[in-house]
Amino acid sequence: MSERSIGVLGDRKKARLDELARASSADRGGISLVRDAVRRLRRNPVAIVGATIVGLFILVAIFAPLIAPHDPVARFDELTKNLTVDSIPGASSEFPLGSDPLGRDFLSRMIYGARQTLFVGVLATLIGLALGVLIGAIAGAFGGWVDVVLMRLTDVMLALPSLLLAITLVAMASRSSQWTVIFAVAIVNVPIFARLLRGSMLAQRESDHVLAARALGVKERNIVLRHMLPNSLTAVIVQATLTFAVAILDAAALSFLGLGDPDINRAEWGLMLGVDGQRYFEVRPELAYYPALAIVVVALGFTLLGEAMREAIDPKNRR
C-alpha cells in the first residue's frame, strides 16, 4: 500500500472519530458531574420521597407562626376545665390533636417543635462539620506526625458510642440547656467528618492534577486550598445530610432523658416525648405517639435523601 493510500485511510479514520465525538457530545450535552447527579436524583423515587419529607419539614419549621392555629405556650379554658390527672382532653374541632397535660394546644406545639428540632439539628451539624473539616483538612494536608496525633484523637472518640459520649459531655456541663445539647451532638459528629475528609484528601495527594500543580511550582497552601480541599468536600457534604438525621435523633434522646433544655414551655419533640409522653402514657398515649412519629419520619427523610445523594454522586455506590 502506498504512502498516499495510508494517508487517505488515516484521514478517513480521523474524520470518522471526529464525527463520533461530535455525536457523543451532542447526545450528552456536556453534562457535568453535578448535573448528572441532579438528573439521577430526579429519577430516583427514594430521593423524591426523602426530598418531599425534608421539604415539608423545613416549610413547617419556617412558617410555624403562620401555620400553628394557637399560641404554643398559652393555656385555654376550654382545655383546662376538663383537665385532670387521669383525664386529658382529646381531639376536637378547635384543637385537632387535643390538649397537653397543661391545657395547651398540642397541634401548635407539634408545629413549633419542628422549628426547634430544625434549629438544633442544623446548628449541631454545622458546628460538627466545621470542626471536622478543619481537623480533617489539617491531617490530610500535612500528614506525618500531625496526621497521626489528630487521627488517634478521633479514634478515641469513635471508640465510644455516640449517645454515651453525648450524655457524658452534657453531664459535664454545670447546667443543662439547649446549647449544651447542640455542642454535645456537634462534638460527637466531629470525628466522622474529620475521618471522611482526611481520607479524601489523602487520595487527592497522589492525583494527577495535584502532582502537576507541584511540578509547576504551585505553593503547597494553594494546592491544599484550591485543588485538594474543594475536590474532597463533595463526600463530606453528602455525609452532612445523613448526619443531620443522627443529630435529630441524638438531640431528641438527650431531651427525652432530661438532659436538654429544662424550660417546659419550649416546644421540642424530644422534650415532649420525655416529659409529657412518658409521664402520661397510660392516660393519653397520643402525647408520645405524635412526637415519636415526627422524629422517625423526619430522620427517615434525611436518611433517604442522603443515601440517594451518595449513590448519585459516587459511581461506586450505584446499583
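Residues are numbered from 1 along each chain as its sequence is written. In this predicted model, local features need pLDDT of at least 70 and side-chain atom pairs count only at pLDDT 80 or more, while totals for chains, interfaces and linings use all residues, and side-chain values use heavy atoms, with hydrogens and water left out.

Colleague: How many helices and how many strands are in the protein chain?
Modeller: Helices (H or I, at least four residues) and strands (E, at least two) are DSSP runs, numbered from the N terminus. Read along the sequence, the pattern is α-α-α-α-α-α-α-α-α-α-α-α-α. The count for the protein chain is therefore 13 helices and zero strands.

Colleague: What percentage of the residues of the protein chain count as buried?
Modeller: A residue is buried under 20% relative accessible area, exposed over 50% and partly exposed in between, with a 1.4 Å probe and protein chains only. By this criterion, the buried share of the 319 residues is 40%.

Colleague: At what angle do helix α6 and helix α11 pack?
Modeller: Two packed helices are described by the angle between their axes and the distance between the axes. Axes are lines fitted to C-alpha atoms, for helices over the stretch in contact, and angles run from 0 to 180 degrees between N-to-C directions. For α6 (residues 106-142) and α11 (residues 220-256), the axes are 8 Å apart and the angle is about 145°.

Colleague: Is the crossing of α6 and α9 left-handed or right-handed?
Modeller: The axes of α6 and helix α9 (residues 178-205) come within 5 Å and cross at roughly 35°. A crossing is left-handed if the near helix is turned anticlockwise from the far one by less than a right angle, and right-handed if clockwise. The crossing of α6 and α9 is right-handed.

Colleague: Is Ser 99 buried or exposed?
Modeller: Ser 99 is found in the loop between α5 (77-80) and α6. Leaving out residues up to four places away in sequence, Ser 99 touches residues including Leu 79, Arg 104 and Arg 284. Its relative accessible area is 0%, so Ser 99 is buried.

Colleague: How many Å apart in space are Pro 69 and Leu 107, C-alpha to C-alpha?
Modeller: Pro 69 lies in the loop between α4 (64-67) and α5, and is partly exposed, with a relative accessible area of 43%. Not counting residues up to four places away in sequence, Pro 69 touches Asp 105, Leu 107, Ser 108 and Ile 111. Pro 69 and Leu 107 are 38 residues apart in sequence, and their C-alpha to C-alpha distance is 8.0 Å.

Terms used: Contact = heavy atoms within 4.5 Å.
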